[in-house]
Amino acid sequence: MENVLVVGATGTTGNKVVHHLKTSQDFEPIAMVRNEEQEKDFKAHNIRTVYGDLENDVSETVKEASHVIFAAGSGGKKVEAVDQDGAIKMIKASEGANIKKFVMLSSMGADNPEQSEKLQDYLKAKHNADVFLKDSKLNYTIIRPGALTNDSGQGRISLSKSFSKQGEITRDDVAQTLVQALRDSATDKTTFEILQGDTPIEEAFRTI
């Protein structure tokens, strides 16, 4: 069992990532939390935690991890401090800790933020974090989903390097894709977009 630090574990998608890891045969999640209140639910499910805040030093958070899934987001409130600079801090810390693989939850549109009027600042932050990760020495996967929904996941997606359309995908299917990317070398040093689809996640990875 390898330890995976989940950054953004208290968020809706990050929490799903933690529980998918917990039920896997390969990985043990370490949920990054900011305080004791956030820690309670994870402890109740016998899930390990580590204290960390993306607006502060995070170098200690990765010490017991071999992999990182970055699923944190500011909800549009602190896009530069969290979505951009917080991600960059985690990438630097992961480089220092020789993390085996860093899986980044990004967003469709992050390759061309200027095309979006409403989400331009958010997508610019995601773009800058993605570029920093690509330029790092880490093995990485950058996953860019469409609009997130809270419907039940099906374990099936549609995958493309770049879609010419907009679309949705469930948070649960995104979480499953993030976890599967950890174990599948087909996703090493790749960036791709995902939407709801009919192809099982593992099979979709064969098209990368």
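Visitor: Apart from its neighbours within four places in sequence, what is S136 in contact with?

Guide: S136 is in contact with I91 and E95, where contact means heavy atoms within 4.5 Å. This is a predicted model: local features need pLDDT of at least 70 and side-chain atom pairs count only at pLDDT 80 or more, while totals for chains, interfaces and linings use all residues. Residues are numbered from 1 along each chain as its sequence is written, and side-chain values use heavy atoms, with hydrogens and water left out.

Visitor: Where is the place of S136, and is S136 buried or exposed?

Guide: S136 is in the loop between α4 (120-135) and β6. Helices (H or I, at least four residues) and strands (E, at least two) are DSSP runs, numbered from the N terminus. S136 has a relative accessible area of 12%, and buried means under 20%, exposed over 50%, partly exposed in between (1.4 Å probe, protein chains only). S136 is therefore buried.

Visitor: What does the side chain of S136 reach?

Guide: The backbone nitrogen of L138, at 3.2 Å. A polar contact is a pair of N or O atoms within 3.5 Å; within protein, one must be able to donate a hydrogen and the other to accept it, and residues adjacent in sequence count only if both atoms are side-chain atoms.

Visitor: Next, the sheet. What is the strand order?

Guide: The sheet is open, has 9 strands and runs β3-β2-β1-β4-β5-β6-β10-β8-β11, with mixed pairing. β3 (48-51) and β11 (199-200) each have a single partner strand, so one side of each has no neighbour in the sheet. Two strands pair if DSSP finds at least two bridges between them.

Visitor: In which sense do β6 and β10 pair?

Guide: Parallel, over 5 bridges, with β6 at residues 140-145 and β10 at residues 190-196. P145 stands opposite I194 in β10.

Visitor: And what about β8 and β10, parallel or antiparallel?

Guide: Antiparallel, over 4 bridges, with S158 opposite L195 in β10. β8 (residues 156-160) also pairs with β11 in the antiparallel sense, over 2 bridges, and there I157 stands opposite T199.

Visitor: Helices now. Which strands does α1 lie across?

Guide: α1 (residues 12-22) lies across β1 (2-7), β2 (27-33), β4 (67-70) and β5 (101-105), at about 150 degrees to β2. Axes are lines fitted to C-alpha atoms, for helices over the stretch in contact, and angles run from 0 to 180 degrees between N-to-C directions.

Visitor: Which residues of α2 are buried?

Guide: Q38, E39 and F42, in a helix spanning residues 36-44. Seen down the axis they fall within an arc of 95 degrees, so they line one face of α2; the arc is that of the directions from the helix axis to the C-beta atoms. These buried residues pack against α1, β2 and β3. On the other side of α2, E36, E37, K40, K43 and A44 are exposed.

Visitor: What happens at the start of α2, and just after α2?

Guide: At the start, a side-chain oxygen of N35 comes to within 3.2 Å of the backbone nitrogen of E37. Just after α2, N46 has a positive phi of about 60 degrees.

Visitor: Last one: which residues does the UniProt domain annotation cover?

Guide: The unreviewed UniProt entry gives "domain: NAD(P)-binding" for residues 8-184. UniProt positions are in the numbering used here, feature names are shortened, and annotations may be inferred rather than shown by experiment.
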